[in-house]
Amino acid sequence: IHIWIPDTQSFTVAMGIISAGIVIALQDVFRNFAGGVLILTGKVYSVGDRIEIGGETGDVMDIGVMNTTMMELRGWIASDQATGRITSFPNGKVITTPVHNYTKDHTFLWDEIMIPVTYSSDWKMAKEVMLDIVTRETAGIVKEAEAEIEKIGETYYLPRRMVEPAVYLTPTDNWITFYIRYVTRAKERRQFRTRISEMILEKIRECPEISISSTTTTVTLAPSRDDVVSDPGKK
């Protein structure tokens with residue numbers, strides 16, 4: 001360098017500026033590569049996992065060096081079902097964005113169904129009916145969930161979690177809201193919710209003591225001004 005460039009200090013400064021420019025221009029490339037390494041070594045998610053990142057939800061189909069590809073869920077669909085679109089996002093997202101993994105260490109999650117019941121109904125019977133149905137239908141998954149929670153406890157600190165189904169109720173101005181809480185497989189949530197809801201509705205139909213509530217509006221008609229003037233004694 002001394003032979004060809006007498007002023008090496010200026011050359012060093014110039015090279016530093018050029019190097020900084022290259023780093024800034026390629027920072028996304030470096031970040032995505034680092035994200036790919038983090039995904040593979042840190043096991044943030046794997047092919048087949050259901051994840052949510054940056055507001056996008058899907059099933060992971062491929063993990064590349066720079067990008068992750070997944071089958072999009074939800075979107076314009078009401079629940080956890082595929083839209084048919086293939087979504088690709090840069091791996092660098094895992095460095096700055098929280099990743100929600102539905103199936104990393106266990107295959108289940110908790111879900112709730114909300115059912116409004118009128119105050120005139122037998123709420124004790126309603127609670128018993130709902131709890132009986134959900135307990136019977138979740139017996140198998142509850143055992144699996146207990147085993148998976150115990151296994152997770154060997155790796156992480158995990159306080160005791162209740163996996164048995166439960167029914168909670170909250171009185172409101174118009175009705176009693178029943179919250180049916182249960183565990184279900186992460187990739188079967190919509191189908192399982194539909195089955196439970198159908199069974200509860202069928203059972204309630206057989207029970208005249210229980211009625212589903214809905215929003216109602218009371219309208220009071222007042223006499224017009226002309227009627228009052230023409231007939232002062234009319235109320």
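In which helix is glutamate 150 found? Select glutamate 150: its place is in helix α5. Helices (H or I, at least four residues) and strands (E, at least two) are DSSP runs, numbered from the N terminus. The model is a predicted one, in which local features need pLDDT of at least 70 and side-chain atom pairs count only at pLDDT 80 or more, while totals for chains, interfaces and linings use all residues. Residues are numbered from 1 along each chain as its sequence is written, and side-chain values use heavy atoms, with hydrogens and water left out.

**First stop: helix α5**

Glutamate 150 has a relative accessible area of 58% and is exposed; the term exposed stands for over 50% relative accessible area, buried for under 20%, and partly exposed for values in between (1.4 Å probe, protein chains only). Next, display the C-alpha atoms of glutamate 150 and cysteine 207, which are 57 residues apart along the chain and separated by 39 Å.

Now select residues 139-152, the whole of α5. Its 14 residues reach 20 Å from the first C-alpha to the last, close to the 20 Å expected at 1.5 Å a residue; the expected span is 1.5 Å times one less than the number of residues. Colour Ile141, Val142, Ala145, Glu148, Ile149 and Ile152, which are buried. Viewed down the axis of α5, these buried residues fall within an arc of 130°, so they line one face of the helix. The arc is that of the directions from the helix axis to the C-beta atoms. An α-helix has 3.6 residues a turn, so residues three or four places apart point the same way. On the other side of α5, Lys143, Glu150 and Lys151 are exposed. The buried residues of α5 pack against β6 and β8 (176-185), contact being heavy atoms within 4.5 Å.

**Second stop: helix α4**

Select residues 123-137, which form α4. This helix has 15 residues and reaches 21 Å from its first C-alpha to its last, close to the 21 Å expected at 1.5 Å a residue. Which residues of α4 are buried? They are Ala126, Val129, Met130, Ile133 and Val134. Down the axis of α4, its buried residues fall within an arc of 115°, so they line one face of the helix. Lys124 and Glu128, on the other side of α4, are exposed.

Move to the loop between α6 (189-206) and α7 (225-230), where serine 213 lies. Serine 213 is buried, at 11% relative accessible area. Leaving aside its neighbours within four places in sequence, serine 213 is in contact with Pro116, Val117, Thr118, Asn174 and Trp175.

Select Val44, Val99, His100, Asn101, Tyr102, Thr103, Lys104, Asp105, His106, Phe108 and Leu109, which line the largest pocket. A pocket is an open set of points on a 1 Å grid over the protein atoms alone, where a 1.4 Å probe fits, with protein on both sides within 12 Å along at least five of seven lines; lining residues have an atom within 4 Å of a point. Strands β5 (99-101) and β6 (108-117) each supply at least two residues of this lining, and the largest share, 3 residues, comes from β5.
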